[in-house]
Amino acid sequence: MSNLLKNSLRFALFILIQVFLLDKIPPINEFIVPILYFLFILWLPFNISKTQLLLLGFLFGFVLDIFTKSPGLHASACTLIAYIRPFIIHLLMPKETYETNYIEPSIVSMGFLPYMIYVLILTIMHHFYLILLEWISFGDFVFFIGKLIASTGISMLLILITEMLSPRNIKSRSRFN
Amino acid sequence: MLNIIQIISRFKVLLLLLLLQGISLYILFNFNSLHRATYLSTAYEITGSINLRYNNLQSYFNLKAENDKLREQNVLLLNQLKADFQSPENNSNVITDTISADKRKYLYLSSKVISSSVIAQNNFVTLYRGANQGVEIDMGVVGVEGVIGRVVDVSPNMAIVMSLIHRKSSIVAQVKTAGGFGEIVWDGKDPRFVTLIKIAKAIDVKKGDTVVTSPYSDIFPPGQTIGFISDVKTDENTNTYVLKVKTAINFYNIHHAFLVKSLLKGELDSLINKVKKD
(Lines give C-alpha, C1' and ligand atoms only; values in the text may rest on other atoms or scores of the structure.)
Protein backbone atom coordinates (compact mmCIF):
# COMPACT_ATOMS: atom_id res chain seq x y z
CA MET A 1 0.00 0.00 0.00
CA SER A 2 1.38 3.41 -0.85
CA ASN A 3 2.30 5.73 1.96
CA LEU A 4 -0.19 8.41 0.94
CA LEU A 5 -3.13 6.00 0.77
CA LYS A 6 -2.16 4.36 4.06
CA ASN A 7 -1.93 7.66 5.88
CA SER A 8 -5.17 9.00 4.37
CA LEU A 9 -6.96 5.91 5.65
CA ARG A 10 -5.37 6.37 9.08
CA PHE A 11 -6.46 10.04 9.09
CA ALA A 12 -10.11 9.06 8.62
CA LEU A 13 -9.91 6.03 10.91
CA PHE A 14 -8.37 7.88 13.87
CA ILE A 15 -10.95 10.68 13.62
CA LEU A 16 -13.85 8.20 13.43
CA ILE A 17 -12.55 6.07 16.32
CA GLN A 18 -12.09 9.15 18.51
CA VAL A 19 -15.48 10.70 17.70
CA PHE A 20 -17.73 7.65 17.45
CA LEU A 21 -16.08 5.23 19.84
CA LEU A 22 -13.95 6.87 22.52
CA ASP A 23 -16.05 10.01 22.95
CA LYS A 24 -19.18 7.87 23.39
CA ILE A 25 -17.81 5.95 26.37
CA PRO A 26 -19.45 7.09 29.62
CA PRO A 27 -16.62 8.49 31.79
CA ILE A 28 -15.73 6.30 34.77
CA ASN A 29 -14.34 9.31 36.57
CA GLU A 30 -14.36 13.04 35.86
CA PHE A 31 -10.56 12.98 35.32
CA ILE A 32 -10.40 10.11 32.86
CA VAL A 33 -10.86 11.16 29.25
CA PRO A 34 -9.77 8.59 26.64
CA ILE A 35 -7.75 10.39 23.93
CA LEU A 36 -6.10 8.37 21.17
CA TYR A 37 -6.48 10.36 17.95
CA PHE A 38 -3.07 12.13 18.12
CA LEU A 39 -1.32 8.77 17.53
CA PHE A 40 -1.85 9.59 13.84
CA ILE A 41 0.81 12.30 14.09
CA LEU A 42 3.17 9.98 15.96
CA TRP A 43 2.87 7.38 13.20
CA LEU A 44 3.64 9.70 10.26
CA PRO A 45 6.74 8.74 8.20
CA PHE A 46 10.26 9.80 9.19
CA ASN A 47 10.96 11.52 5.87
CA ILE A 48 8.04 13.98 5.99
CA SER A 49 9.28 17.59 5.99
CA LYS A 50 8.79 19.76 9.08
CA THR A 51 6.55 22.17 7.19
CA GLN A 52 4.30 19.39 5.89
CA LEU A 53 4.17 17.86 9.35
CA LEU A 54 2.99 21.13 10.89
CA LEU A 55 0.34 21.79 8.25
CA LEU A 56 -0.91 18.20 8.42
CA GLY A 57 -1.06 18.39 12.22
CA PHE A 58 -3.09 21.58 12.05
CA LEU A 59 -5.50 20.14 9.48
CA PHE A 60 -5.92 16.91 11.45
CA GLY A 61 -6.65 18.74 14.69
CA PHE A 62 -9.05 21.10 13.00
CA VAL A 63 -11.10 18.26 11.49
CA LEU A 64 -11.53 16.80 14.97
CA ASP A 65 -12.43 20.27 16.27
CA ILE A 66 -15.30 20.51 13.82
CA PHE A 67 -16.67 17.21 15.10
CA THR A 68 -16.32 18.20 18.76
CA LYS A 69 -17.42 21.81 18.06
CA SER A 70 -14.44 23.37 19.80
CA PRO A 71 -12.70 25.14 16.88
CA GLY A 72 -8.98 25.67 17.53
CA LEU A 73 -8.54 23.51 20.66
CA HIS A 74 -7.21 20.26 19.21
CA ALA A 75 -5.66 22.06 16.22
CA SER A 76 -3.29 24.01 18.46
CA ALA A 77 -2.33 20.94 20.55
CA CYS A 78 -1.65 18.95 17.35
CA THR A 79 0.56 21.64 15.78
CA LEU A 80 2.56 21.77 19.00
CA ILE A 81 3.36 18.05 19.03
CA ALA A 82 3.97 18.10 15.26
CA TYR A 83 6.61 20.76 15.90
CA ILE A 84 8.27 18.89 18.78
CA ARG A 85 8.19 15.43 17.15
CA PRO A 86 11.34 15.77 14.96
CA PHE A 87 13.42 16.93 17.97
CA ILE A 88 12.39 13.94 20.08
CA ILE A 89 13.12 11.48 17.25
CA HIS A 90 16.50 13.14 16.72
CA LEU A 91 17.29 12.80 20.43
CA LEU A 92 16.25 9.17 20.69
CA MET A 93 17.92 7.63 17.64
CA PRO A 94 20.83 8.35 15.30
CA LYS A 95 19.82 9.85 11.97
CA GLU A 96 21.24 7.14 9.65
CA THR A 97 19.16 4.36 11.19
CA TYR A 98 15.76 5.71 10.39
CA GLU A 99 16.60 7.35 7.08
CA THR A 100 17.85 4.18 5.47
CA ASN A 101 16.01 1.27 7.01
CA TYR A 102 12.55 2.22 8.18
CA ILE A 103 9.57 4.26 7.06
CA GLU A 104 7.89 5.38 10.27
CA PRO A 105 8.34 5.36 14.06
CA SER A 106 7.36 2.03 15.60
CA ILE A 107 8.54 -0.51 18.15
CA VAL A 108 10.39 -2.31 15.33
CA SER A 109 12.19 0.70 13.95
CA MET A 110 13.09 2.39 17.23
CA GLY A 111 13.20 -0.41 19.78
CA PHE A 112 10.67 -0.87 22.59
CA LEU A 113 12.07 1.51 25.19
CA PRO A 114 12.98 4.47 22.91
CA TYR A 115 9.60 4.20 21.19
CA MET A 116 7.75 4.20 24.52
CA ILE A 117 9.72 7.23 25.70
CA TYR A 118 8.90 8.97 22.42
CA VAL A 119 5.19 8.20 22.83
CA LEU A 120 5.15 9.16 26.51
CA ILE A 121 6.83 12.55 25.99
CA LEU A 122 4.52 13.55 23.14
CA THR A 123 1.42 12.27 24.99
CA ILE A 124 2.27 14.35 28.04
CA MET A 125 3.02 17.41 25.84
CA HIS A 126 -0.27 17.01 23.98
CA HIS A 127 -2.39 16.48 27.11
CA PHE A 128 -0.61 19.22 29.02
CA TYR A 129 -1.31 21.77 26.33
CA LEU A 130 -4.88 20.59 25.67
CA ILE A 131 -5.88 20.57 29.34
CA LEU A 132 -3.98 23.82 29.95
CA LEU A 133 -6.15 25.52 27.33
CA GLU A 134 -9.27 24.23 29.11
CA TRP A 135 -7.80 25.31 32.43
CA ILE A 136 -7.12 28.87 31.24
CA SER A 137 -10.79 29.16 30.38
CA PHE A 138 -12.20 27.57 33.54
CA GLY A 139 -9.47 27.40 36.19
CA ASP A 140 -9.15 24.71 38.85
CA PHE A 141 -5.63 23.52 39.59
CA VAL A 142 -6.45 20.16 41.21
CA PHE A 143 -8.73 19.37 38.29
CA PHE A 144 -5.93 20.27 35.86
CA ILE A 145 -3.28 18.05 37.47
CA GLY A 146 -5.68 15.16 38.11
CA LYS A 147 -6.97 15.18 34.58
CA LEU A 148 -3.46 15.43 33.13
CA ILE A 149 -2.19 12.38 35.05
CA ALA A 150 -5.29 10.22 34.62
CA SER A 151 -5.73 11.03 30.93
CA THR A 152 -2.05 10.43 30.16
CA GLY A 153 -2.29 7.03 31.86
CA ILE A 154 -5.39 5.99 29.97
CA SER A 155 -3.93 7.25 26.67
CA MET A 156 -0.74 5.24 27.19
CA LEU A 157 -2.85 2.15 27.84
CA LEU A 158 -4.88 2.75 24.69
CA ILE A 159 -1.72 3.29 22.62
CA LEU A 160 -0.23 0.03 23.93
CA ILE A 161 -3.40 -1.84 22.98
CA THR A 162 -3.41 -0.20 19.54
CA GLU A 163 0.23 -1.18 19.04
CA MET A 164 -0.61 -4.79 19.92
CA LEU A 165 -3.58 -4.90 17.53
CA SER A 166 -1.92 -2.99 14.72
CA PRO A 167 -0.77 -5.13 11.76
CA ARG A 168 2.35 -2.97 11.38
CA ASN A 169 3.93 -4.69 14.39
CA ILE A 170 3.55 -8.31 13.31
CA LYS A 171 7.31 -8.77 13.12
CA SER A 172 7.84 -7.26 16.52
CA ARG A 173 5.55 -9.76 18.22
CA SER A 174 7.76 -12.71 17.45
CA ARG A 175 10.68 -10.64 18.72
CA PHE A 176 9.18 -9.82 22.08
CA ASN A 177 7.29 -12.98 22.94
CA MET B 1 17.66 42.66 3.19
CA LEU B 2 19.48 39.42 2.45
CA ASN B 3 19.96 38.97 6.16
CA ILE B 4 16.24 39.18 6.81
CA ILE B 5 15.53 36.57 4.15
CA GLN B 6 18.20 34.33 5.62
CA ILE B 7 16.74 34.67 9.10
CA ILE B 8 13.26 33.95 7.82
CA SER B 9 14.36 30.86 5.92
CA ARG B 10 16.28 29.66 8.95
CA PHE B 11 13.34 30.00 11.29
CA LYS B 12 10.56 29.24 8.82
CA VAL B 13 9.34 26.15 10.69
CA LEU B 14 9.20 28.05 13.98
CA LEU B 15 7.42 30.95 12.29
CA LEU B 16 4.92 28.55 10.74
CA LEU B 17 4.30 27.03 14.17
CA LEU B 18 3.69 30.47 15.67
CA LEU B 19 1.36 31.36 12.80
CA LEU B 20 -0.69 28.16 13.13
CA GLN B 21 -0.81 28.49 16.93
CA GLY B 22 -1.93 32.08 16.50
CA ILE B 23 -4.73 31.07 14.13
CA SER B 24 -6.00 28.24 16.34
CA LEU B 25 -5.84 30.21 19.58
CA TYR B 26 -7.57 33.16 17.92
CA ILE B 27 -10.38 30.89 16.73
CA LEU B 28 -10.55 29.17 20.12
CA PHE B 29 -10.78 32.27 22.27
CA ASN B 30 -12.88 34.42 19.97
CA PHE B 31 -15.37 32.25 18.22
CA ASN B 32 -15.84 29.75 21.01
CA SER B 33 -17.12 32.40 23.38
CA LEU B 34 -19.63 33.70 20.88
CA HIS B 35 -20.90 30.36 19.57
CA ARG B 36 -22.02 32.15 16.47
CA ALA B 37 -19.35 30.73 14.23
CA THR B 38 -21.52 30.93 11.15
CA TYR B 39 -18.58 30.34 8.82
CA LEU B 40 -18.46 26.83 10.26
CA SER B 41 -22.03 25.98 9.33
CA THR B 42 -21.00 24.25 6.09
CA ALA B 43 -18.54 22.14 8.06
CA TYR B 44 -21.30 21.37 10.60
CA GLU B 45 -23.59 20.24 7.77
CA ILE B 46 -20.92 17.73 6.70
CA THR B 47 -20.13 16.40 10.18
CA GLY B 48 -23.88 16.43 10.85
CA SER B 49 -24.55 14.13 7.91
CA ILE B 50 -21.89 11.70 9.18
CA ASN B 51 -23.44 11.89 12.65
CA LEU B 52 -26.84 11.20 11.13
CA ARG B 53 -25.64 7.96 9.52
CA TYR B 54 -24.17 6.81 12.82
CA ASN B 55 -27.32 7.80 14.65
CA ASN B 56 -29.59 5.95 12.21
CA LEU B 57 -27.75 2.77 13.12
CA GLN B 58 -27.50 3.48 16.83
CA SER B 59 -31.16 4.41 17.29
CA TYR B 60 -32.24 0.78 16.72
CA PHE B 61 -30.65 -0.20 20.00
CA ASN B 62 -32.82 2.22 21.96
CA LEU B 63 -36.16 1.64 20.25
CA LYS B 64 -37.74 -0.16 23.19
CA ALA B 65 -36.71 2.36 25.83
CA GLU B 66 -37.73 5.26 23.57
CA ASN B 67 -41.15 3.69 22.99
CA ASP B 68 -41.70 3.35 26.72
CA LYS B 69 -40.75 6.97 27.30
CA LEU B 70 -43.04 8.25 24.56
CA ARG B 71 -45.92 6.10 25.85
CA GLU B 72 -45.50 7.55 29.33
CA GLN B 73 -45.55 11.04 27.90
CA ASN B 74 -48.64 10.22 25.84
CA VAL B 75 -50.48 9.03 28.94
CA LEU B 76 -49.51 12.25 30.71
CA LEU B 77 -50.88 14.33 27.86
CA LEU B 78 -54.04 12.23 27.47
CA ASN B 79 -54.82 12.79 31.13
CA GLN B 80 -54.79 16.52 30.56
CA LEU B 81 -57.45 16.44 27.85
CA LYS B 82 -60.39 18.72 28.52
CA ALA B 83 -62.80 15.93 27.60
CA ASP B 84 -61.73 13.98 30.68
CA PHE B 85 -62.96 16.67 33.03
CA GLN B 86 -66.62 17.46 33.50
CA SER B 87 -68.34 19.32 36.27
CA PRO B 88 -72.03 18.88 37.10
CA GLU B 89 -74.28 21.31 35.25
CA ASN B 90 -75.16 24.38 37.25
CA ASN B 91 -75.65 27.00 34.55
CA SER B 92 -78.79 27.64 32.66
CA ASN B 93 -77.14 29.58 29.87
CA VAL B 94 -73.62 29.55 28.45
CA ILE B 95 -71.80 32.81 27.85
CA THR B 96 -68.93 32.65 25.37
CA ASP B 97 -66.35 35.16 26.49
CA THR B 98 -64.47 36.28 23.39
CA ILE B 99 -62.21 38.76 25.18
CA SER B 100 -60.41 36.43 27.53
CA ALA B 101 -59.53 33.78 24.92
CA ASP B 102 -55.98 32.67 25.79
CA LYS B 103 -53.21 33.72 23.49
CA ARG B 104 -50.69 31.05 22.56
CA LYS B 105 -47.29 31.87 24.04
CA TYR B 106 -45.19 28.80 23.28
CA LEU B 107 -45.09 26.53 20.25
CA TYR B 108 -43.31 23.16 20.31
CA LEU B 109 -41.44 21.77 17.30
CA SER B 110 -40.23 18.17 17.36
CA SER B 111 -36.77 17.14 16.28
CA LYS B 112 -34.43 14.18 16.10
CA VAL B 113 -31.21 14.33 18.08
CA ILE B 114 -28.23 13.21 15.99
CA SER B 115 -25.38 13.68 18.41
CA SER B 116 -24.80 14.54 22.04
CA SER B 117 -21.39 15.06 23.60
CA VAL B 118 -20.66 14.57 27.31
CA ILE B 119 -16.90 14.27 27.45
CA ALA B 120 -15.77 17.86 26.81
CA GLN B 121 -15.94 20.98 28.96
CA ASN B 122 -18.26 22.62 26.45
CA ASN B 123 -20.84 20.07 25.42
CA PHE B 124 -23.28 20.39 22.56
CA VAL B 125 -26.29 18.51 21.21
CA THR B 126 -26.91 18.47 17.45
CA LEU B 127 -30.48 18.43 16.12
CA TYR B 128 -31.61 17.38 12.65
CA ARG B 129 -33.73 20.43 12.09
CA GLY B 130 -32.39 23.79 10.99
CA ALA B 131 -33.15 27.28 9.75
CA ASN B 132 -35.09 25.94 6.75
CA GLN B 133 -37.43 24.13 9.17
CA GLY B 134 -38.04 27.13 11.40
CA VAL B 135 -35.31 26.85 14.04
CA GLU B 136 -33.88 30.12 15.31
CA ILE B 137 -30.98 31.00 17.57
CA ASP B 138 -31.94 31.22 21.29
CA MET B 139 -34.86 28.80 21.14
CA GLY B 140 -35.18 26.58 24.21
CA VAL B 141 -34.77 22.82 23.83
CA VAL B 142 -36.47 20.26 26.09
CA GLY B 143 -36.48 16.48 25.97
CA VAL B 144 -39.09 13.98 27.09
CA GLU B 145 -37.78 13.99 30.68
CA GLY B 146 -36.62 17.59 31.00
CA VAL B 147 -34.64 20.59 29.82
CA ILE B 148 -31.72 20.01 27.42
CA GLY B 149 -30.43 23.51 26.61
CA ARG B 150 -30.73 26.32 24.12
CA VAL B 151 -29.97 26.76 20.42
CA VAL B 152 -26.73 28.66 19.79
CA ASP B 153 -26.16 28.14 16.08
CA VAL B 154 -28.24 27.02 13.11
CA SER B 155 -27.31 25.85 9.62
CA PRO B 156 -29.89 25.16 6.88
CA ASN B 157 -30.72 21.64 8.16
CA MET B 158 -28.98 21.31 11.53
CA ALA B 159 -29.06 23.15 14.83
CA ILE B 160 -26.38 23.22 17.51
CA VAL B 161 -27.64 23.29 21.09
CA MET B 162 -25.56 24.42 24.07
CA SER B 163 -26.57 21.77 26.59
CA LEU B 164 -26.92 22.20 30.36
CA ILE B 165 -23.48 20.62 30.71
CA HIS B 166 -21.65 23.47 28.98
CA ARG B 167 -19.35 25.72 31.00
CA LYS B 168 -21.05 28.88 29.77
CA SER B 169 -24.61 27.59 30.09
CA SER B 170 -26.83 29.49 32.51
CA ILE B 171 -30.56 29.03 32.96
CA VAL B 172 -32.86 30.73 35.44
CA ALA B 173 -34.53 28.18 37.66
CA GLN B 174 -36.54 27.73 40.84
CA VAL B 175 -37.40 24.98 43.29
CA LYS B 176 -40.81 23.64 42.30
CA THR B 177 -42.47 23.65 45.70
CA ALA B 178 -40.57 26.43 47.50
CA GLY B 179 -39.96 28.91 44.67
CA GLY B 180 -36.92 31.17 44.75
CA PHE B 181 -34.88 32.68 41.98
CA GLY B 182 -31.70 30.81 41.08
CA GLU B 183 -29.43 29.91 38.25
CA ILE B 184 -28.39 26.53 36.84
CA VAL B 185 -24.69 26.28 35.95
CA TRP B 186 -22.19 23.44 35.37
CA ASP B 187 -18.81 23.03 37.08
CA GLY B 188 -17.38 20.86 34.29
CA LYS B 189 -16.91 17.75 36.41
CA ASP B 190 -19.67 15.19 36.28
CA PRO B 191 -22.02 15.26 33.27
CA ARG B 192 -24.84 13.80 35.38
CA PHE B 193 -24.98 16.72 37.82
CA VAL B 194 -25.42 20.49 37.48
CA THR B 195 -25.40 23.16 40.20
CA LEU B 196 -28.21 25.45 41.28
CA ILE B 197 -26.85 28.67 42.78
CA LYS B 198 -28.25 31.98 44.07
CA ILE B 199 -31.22 30.42 45.92
CA ALA B 200 -31.66 32.40 49.16
CA LYS B 201 -31.25 30.52 52.45
CA ALA B 202 -34.64 31.75 53.60
CA ILE B 203 -36.21 29.29 51.22
CA ASP B 204 -36.86 25.80 52.54
CA VAL B 205 -35.25 23.19 50.31
CA LYS B 206 -34.56 19.52 50.91
CA LYS B 207 -33.02 16.59 49.11
CA GLY B 208 -35.21 15.20 46.36
CA ASP B 209 -37.02 18.44 45.54
CA THR B 210 -37.69 19.08 41.87
CA VAL B 211 -35.97 22.00 40.14
CA VAL B 212 -37.94 23.58 37.30
CA THR B 213 -37.52 26.48 34.86
CA SER B 214 -38.47 29.84 36.28
CA PRO B 215 -41.45 31.87 35.05
CA TYR B 216 -38.93 34.68 34.51
CA SER B 217 -37.10 32.69 31.82
CA ASP B 218 -37.46 34.32 28.41
CA ILE B 219 -36.87 31.12 26.42
CA PHE B 220 -38.41 28.25 28.41
CA PRO B 221 -42.03 27.76 29.39
CA PRO B 222 -42.36 27.89 33.19
CA GLY B 223 -42.35 24.60 35.11
CA GLN B 224 -40.23 22.47 32.79
CA THR B 225 -38.32 19.91 34.89
CA ILE B 226 -34.56 20.47 35.01
CA GLY B 227 -33.62 17.94 37.67
CA PHE B 228 -33.79 16.80 41.27
CA ILE B 229 -31.78 18.12 44.22
CA SER B 230 -29.30 15.48 45.35
CA ASP B 231 -27.18 17.45 47.81
CA VAL B 232 -27.80 20.60 49.85
CA LYS B 233 -24.84 22.82 50.79
CA THR B 234 -24.72 26.42 51.97
CA ASP B 235 -22.31 29.02 50.63
CA GLU B 236 -20.26 30.42 53.53
CA ASN B 237 -19.66 33.81 51.94
CA THR B 238 -23.14 34.68 50.78
CA ASN B 239 -26.63 34.16 51.98
CA THR B 240 -27.38 31.46 49.42
CA TYR B 241 -27.39 27.71 48.87
CA VAL B 242 -25.20 25.71 46.53
CA LEU B 243 -27.43 22.84 45.44
CA LYS B 244 -26.23 19.81 43.54
CA VAL B 245 -28.89 18.84 41.02
CA LYS B 246 -29.17 15.50 39.21
CA THR B 247 -30.32 16.31 35.68
CA ALA B 248 -33.68 14.83 34.68
CA ILE B 249 -32.37 14.26 31.16
CA ASN B 250 -29.68 11.64 30.62
CA PHE B 251 -27.20 13.28 28.26
CA TYR B 252 -25.71 9.91 27.34
CA ASN B 253 -28.97 8.89 25.85
CA ILE B 254 -31.09 11.51 24.08
CA HIS B 255 -32.93 10.68 20.89
CA HIS B 256 -35.82 13.09 20.68
CA ALA B 257 -36.08 16.75 21.51
CA PHE B 258 -38.69 19.48 21.36
CA LEU B 259 -37.75 23.01 20.36
CA VAL B 260 -39.70 25.70 22.18
CA LYS B 261 -40.55 28.76 20.14
CA SER B 262 -41.50 31.64 22.39
CA LEU B 263 -44.01 33.56 20.31
CA LEU B 264 -43.90 36.70 22.43
CA LYS B 265 -40.10 36.88 22.63
CA GLY B 266 -39.79 39.33 19.71
CA GLU B 267 -42.32 41.65 21.28
CA LEU B 268 -40.62 41.40 24.68
CA ASP B 269 -37.15 42.03 23.25
CA SER B 270 -38.22 45.12 21.33
CA LEU B 271 -39.93 46.44 24.45
CA ILE B 272 -36.80 45.91 26.55
CA ASN B 273 -34.65 47.57 23.89
CA LYS B 274 -37.01 50.53 23.83
CA VAL B 275 -36.74 50.93 27.60
CA LYS B 276 -32.94 50.67 27.43
CA LYS B 277 -32.78 53.39 24.80
CA ASP B 278 -34.88 55.85 26.79
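Visitor: Which elements of chain B have the lowest and the highest mean pLDDT?

Guide: Helix H1 (residues 2-10) of chain B has the lowest mean pLDDT, at 81. The highest belongs to strand E3 (residues 140-142) of chain B, at 93. Bear in mind that this is a predicted model.

Visitor: And what is the mean for chain B as a whole?

Guide: Chain B has a mean pLDDT of 84, and 89% of its residues reach 70 or more.

Visitor: What ipTM and pTM does the complex get?

Guide: The predictor gives an ipTM of 0.82 and a pTM of 0.75.

Visitor: Good to know. How many helices and strands are there in chain B?

Guide: Chain B has 5 helices and 12 strands. Of its 278 residues, 31% count as buried. Among the contacts in chain B between residues at least 6 apart in sequence, 60% join residues at least 24 apart.

Visitor: Which strands of chain B close into a barrel?

Guide: The barrel has 6 strands, in the order E1-E2-E5-E4-E3-E12 (chain B), with antiparallel pairing. From one strand to the next, the twist averages 45 degrees.

Visitor: Back to E3(B): how many bridges join it to E4(B)?

Guide: There are 3 bridges between E3(B) and strand E4 (residues 147-154) of chain B, and the two run antiparallel. B:Gly140 stands opposite B:Arg150 in E4(B).

Visitor: What about helices by those strands? Which strands does H3(B) lie across?

Guide: Helix H3 (residues 41-58) of chain B lies across strand E1 (106-116), strand E2 (122-127) and strand E5 (159-166) of chain B. The helix runs at about 80 degrees to E1(B).

Visitor: Let's move to E7(B). Which strands does it pair with, and in what sense?

Guide: E7(B) pairs with strand E6 (residues 171-175) of chain B in the antiparallel sense, over 4 bridges. A hairpin joins E6(B) to E7(B) through 3 residues, and B:Ala173 has B:Gly182 as its bridge partner in E7(B). E7(B) also pairs with strand E8 (residues 193-200) of chain B, again antiparallel, over 3 bridges. There, B:Val185 has B:Thr195 as its bridge partner in E8(B).

Visitor: I like to check backbone angles. What is phi for B:Lys198?

Guide: B:Lys198 has a positive phi of about 70 degrees, although it is not a glycine. The residue lies in strand E8 of chain B.

Visitor: Why does B:Lys198 count as partly exposed?

Guide: Because B:Lys198 has 19 C-beta neighbours inside 10 Å, and a residue is buried only if 20 or more lie within that distance.

Visitor: And what is phi for B:Asp138?

Guide: Phi of B:Asp138 is near 80 degrees, a positive value in a residue other than glycine. B:Asp138 sits in the loop between E2 and E3 of chain B. B:Asp138 counts as exposed because it has 12 C-beta neighbours inside 10 Å, and 12 or fewer is the cut-off for exposed.

Visitor: Over to chain A, then. How many helices and strands are there?

Guide: Chain A has 9 helices and 0 strands. Buried residues make up 33% of its 177 residues.

Visitor: How do H1(A) and H3(A) cross?

Guide: The axes of helix H1 (residues 3-20) of chain A and H3(A) come within 11 Å and cross at roughly 35 degrees. Their crossing is right-handed. From H1(A), the contact is made by A:Phe11, A:Ile15, A:Gln18 and A:Val19, and from H3(A) by A:Phe60, A:Val63, A:Leu64 and A:Phe67. By class, that contact has 7 nonpolar, 1 polar and no charged residues.

Visitor: Last topic: how many residues of each chain are in contact with the other?

Guide: 25 residues of chain A are in contact with 28 residues of chain B. On the chain A side, helix H3 (50-68), helix H4 (73-92) and helix H7 (112-138) each give two or more residues. H3(A) provides the largest share, 7 residues.

Visitor: What classes of residue does that side have?

Guide: The side of chain A that touches chain B has 14 nonpolar, 6 polar and 5 charged residues.

Conventions
Residues numbered from 1 in each chain as written. Chains lettered and ligands numbered in written order. Predicted model: local features only at pLDDT ≥ 70, side-chain atom pairs only at ≥ 80, totals over all residues. Contact = placed C-beta atoms within 7 Å. Nonpolar A, V, L, I, M, F, W, Y, C, P; charged D, E, K, R; others polar. pLDDT = per-residue confidence, 0-100. Pairing = 2+ DSSP bridges. Axes fitted to C-alpha atoms, helices over the stretch in contact; angles between N-to-C directions. Left-handed = near helix turned anticlockwise from the far one by under 90°.
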